[in-house]
Amino acid sequence: MASHSDTLVVFFGATAGANGGKLGSDEREIILLVWQIVDLHEKKVGKLHRCLVKPDTLELTDQSKEETGLSLDEIIKAEPLDKVLQQFQQSVSSEVKCLGRSSYTLCVNSPLIIRQAVHPEASKKNLVLPESFFSFVDLRKEFHKCCPNAGPVQRLTLASMLEYVGLPAVSDGTGVREVRSMVQLILRILAEPYNHKFSCVETIKYKFDSGTCSKTEPVDSETVIRARGLPWQSSDQDIARFFKGLNIAKGGVALCLNAQGRRNGEALVRFINSEHRDLALERHKHHMGSRYIEVYKATGEEFLKIAGGTSNEVAQFLSKENQVIIRMRGLPFTATPQEVLAFLGPESPVTDGAEGLLFVKYPDGRPTGDAFVLFSCEEYAQNALKKHKQILGKRYIELFRSTAAEVQQVLNRYMSTPLISTLPPSPIMPVPVLATPPFLPASSSTRDCVRLRGLPYTAGIEDILEFMGEHTVDIKPHGVHMVLNQQGRPSGDAFIQMKSPDKAFMVAQKCHKKTMKDRYVEVFQCSTEEMSIVLMGGTLNRSGLSPPPCKLPCLSPPTAYAPFPTPPAILSEAALYQPPLLAAPRPPQTTAHSPAHTLAYYPPQPHLYMNMNMNYTAYYPSPPVSPSTVGYFAPPGAVAAAVAAQPHHPAGASSVLPQPGALVRMQGLPFNTGVKDILSFFQGYQYAPDEYSGVVQMSEQARSLIQPKEWLCL
């Protein structure tokens with residue numbers, strides 16, 4: 001360290017691309033290194049060394065040729081970076097030893113050569129850097145400390161600093177000129193009247209420190225970035241390696257998850273200060289393997305939303321330092337800690353045995369099939385990863401690297417998932433709403449919509465808006481609708497509502513087969529009716545429109561609300577398969593005797609009120625959803641009224657049907673389960689058959705409510 005060292009090694013480097021203030025921003029390799037030793041105690045100067053470096057890509061930009069004066073012929077004859085670094089280490093160690101010193105510190109005119117060039121390139125080439133490259137002093141900051149009136153650090157240049165202390169400019173070749181100028185400045189501020197002591201040492205972390213971040217901890221928005229386009233299997237250590245040379249705060253990497261709990265290729269990264277954040281932004285579109293990574297500014301609020309956590313269980317699990325975290329997915333619901341430990345085997349021992357396992361559960365205690373495991377070293381973690389997709393019980397288990405932030409996210413996601421109520425809602429006052437909700441398009445043959453087909457599965461709302469370009473201004477409010485498949489994942493389709501048919505026609509003409517993330521996207525003009533049918537679970541293809549395959553019986557409003565009479569209504573398919581955005585409101589059809597406003601019944605559970613800023617992928621699920629899955633729960637007597645209204649309902653059965661309704665949810669069914677299997681499962685119970693042969697899902701609590709001889713609507 002400079003504060004304890006009597007020797008500085010003045011260091012300079014240049015790349016095959018941008019240099020100066022943009023050095024390292026274009027991922028170009030180092031082609032020139034120059035250094036010289038300065039003995040601070042004796043005020044002596046060593047021999048100046050200038051070494052050319054042969055890059056892997058033999059190409060120089062015109063700017064680099066002009067600034068360095070080097071040609072490709074000279075570079076080809078040079079040694080590669082690893083050989084030059086060995087030469088540097090040997091020559092410096094030899095000279096320092098001859099001077100009778102034991103340590104030295106690098107001195108640079110800008111941290112870019114160390115942070116943005118040497119460390120990233122060494123990381124990509126898997127080179128082990130000498131320990132001396134993990135600490136350095138910035139001459140500009142030292143000069144500003146010595147001469148505060150010389151101006152702000154960002155505006156200091158070698159020429160301005162030489163002029164300030166009354167030294168002439170050095171004229172020589174690139175590299176040699178800069179090193180000799182720095183040496184003169186160092187000797188000048190060491191002498192009278194300055195008598196400067198070098199003490200401001202900057203360090204580079206050897207390894208990223210994982211940890212947890214509290215939601216109460218303040219996070220400066222000037223220190224956070226968002227990285228996009230990450231490989232799905234990348235870990236926090238991989239991201240830290242991408243930003244090698246910059247110091248990430250402890251636990252400062254938060255991998256983002258999508259609605260299905262899987263990584264979406266994005267991460268929020270928090271650095272120790274704004275200077276490192278600004279340098280990270282210069283790595284926009286740098287590569288991680290064969291993928292380029294986009295880097296944008298983010299806010300502290302976004303970081304805390306992803307990385308913050310308040311669970312004591314999670315905090316205790318992550319309290320062990322320097323542990324490697326592995327996520328297990330697909331565990332049998334009956335799996336015990338002993339079975340998981342036996343599955344991992346003795347070659348990958350878990351830290352503290354069963355205490356190093358964290359099973360993810362729903363709020364009611366049911367297992368989700370996910371678990372996190374702690375390992376004390378990389379070797380044990382690698383052994384565990386070799387068991388990826390091996391069988392435990394009758395299921396194959398997925399294993400992949402994880403992070404502390406992902407543990408927080410997954411736990412927060414599952415623990416905040418509300419249970420579907422199995423009890424009748426408490427009486428509430430009906431709320432007048434518009435007959436046609438503004439967020440659900442009314443069926444119309446007007447062709448003012450466009451359909452996007454062939455979207456990348458990772459595409460989001462922002463990607464679609466960027467794809468639309470100048471036509472974005474013609475999109476109706478809340479007019480972007482993503483279509484999901486049966487597993488709740490993006491299907492590659494989306495619908496856009498435009499302000500007019502002319503605007504939709506223009507978009508279809510201009511954007512058809514335009515590229516989004518290396519995929520061309522087809523754009524077709526369509527009508528609101530066609531869009532609504534697809535969003536409700538129908539299909540739209542060359543054969544034409546196919547409506548949703550299922551029909552449900554009506555669920556009448558409760559008769560208990562006598563002061564607000566509404567006649568019985570039959571729900572149309574459009575009303576039945578409304579998106580979860582509208583969740584509970586089910587406005588019945590008005591008649592001549594209806595009041596001025598249609599009445600809708602909202603359930604009392606606060607979690608069912610949707611956030612209008614949610615991603616549209618949550619608004620329009622496909623295939624169609626049942627009343628229970630969109631958050632509608634029939635008031636007391638509703639199911640009884642619905643079943644009694646059916647023409648084939650057995651006479652007198654309404655007296656047997658319980659008032660709260662006997663609608664149950666089943667979870668964990670085999671994928672090949674049919675209606676006959678469900679009826680066989682409920683053998684011994686009476687059920688009311690219906691033309692709709694669907695299966696809805698409800699929590700485990702429903703089983704305790706099923707009494708013998710109840711009518712079950714399946």
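Predicted model: local features only at pLDDT ≥ 70, side-chain atom pairs only at ≥ 80, totals over all residues.

Trainee: Where does Asp-518 sit?

Mentor: In the loop between β24 (514–516) and β25 (519–526). Asp-518 has a positive phi of about 70°, yet it is not a glycine.

Trainee: And Lys-43, what is its phi?

Mentor: Positive as well, at about 55°, and Lys-43 is not a glycine. Lys-43 lies in the loop between β2 (30–39) and β3 (44–45).

Trainee: Is Lys-43 exposed or partly exposed?

Mentor: Partly exposed, because its relative accessibility is 43% and exposed means over 50%.

Trainee: Which residues does the cis peptide bond join?

Mentor: Glu-192 and Pro-193, with omega at about 5°. Pro-193 is in the loop between α7 (176–190) and β7 (201–203).

Trainee: Switching to sheets. What is the strand order in the five-stranded open one?

Mentor: It goes β16-β17-β15-β19-β18, with antiparallel pairing.

Trainee: Which strands stand at the edges?

Mentor: β16 (357–361) and β18 (390–392). Each has a single partner strand, so one side of each has no neighbour in the sheet. On average, neighbouring strands here are turned by 35° against each other, direction ignored.

Trainee: What holds strands together in general?

Mentor: Backbone hydrogen bonds pair the strands of a sheet, either parallel or antiparallel.

Trainee: How many bridges join β15 to β19?

Mentor: Four, between residues 324–329 and residues 395–401, and the two strands run antiparallel. Within that pairing, Ile-326 stands opposite Arg-401 of β19.

Trainee: Which strands does helix α12 lie across?

Mentor: Helix α12 (residues 337–344) lies across β15, β16, β17 (367–375), β18 and β19. It runs at about 125° to β16.

Trainee: And α13? Which strands does that helix lie across?

Mentor: β15, β17 and β19. Helix α13 covers residues 378–385 and runs at about 150° to β19.

Trainee: Now the core. Which residues of the largest nonpolar core touch the most other members?

Mentor: Phe-11, Leu-33, Ile-114, Phe-133 and Phe-243, out of 49 residues. This core draws at least three residues from each of domain 1 (7–203) and domain 2 (213–309).

Trainee: What is Leu-33 in contact with?

Mentor: Leave aside neighbours within four places in sequence. Then its contacts include Phe-11, Phe-12, His-49, Cys-51, Val-53 and Leu-81. There is also a second, separate core of 34 residues, with Leu-52, Leu-60, Val-137 and Phe-143 among them.

Trainee: Take Cys-98 next. Exposed or buried?

Mentor: Exposed, at 69% relative accessibility. Cys-377 is partly exposed, with a relative accessible area of 24%.

Trainee: Last one. How many residues apart in sequence are Asp-220 and Ile-272?

Mentor: They are 52 residues apart in sequence, with 9.5 Å between their C-alpha atoms in space. Asp-220 lies in the loop between β8 (213–214) and β9 (224–228). At 44% relative accessibility, Asp-220 counts as partly exposed.

Technical notes. Residues numbered from 1 in each chain as written. Heavy atoms only, no water. Buried < 20%, exposed > 50% of the residue type's maximum accessible area, 1.4 Å probe, protein only. Pairing = 2+ DSSP bridges. Axes fitted to C-alpha atoms, helices over the stretch in contact; angles between N-to-C directions. Contact = heavy atoms within 4.5 Å. Core = buried A, V, L, I, M, F, W, Y, C linked by side-chain atoms within 4.5 Å. Domains from an automatic or database assignment.
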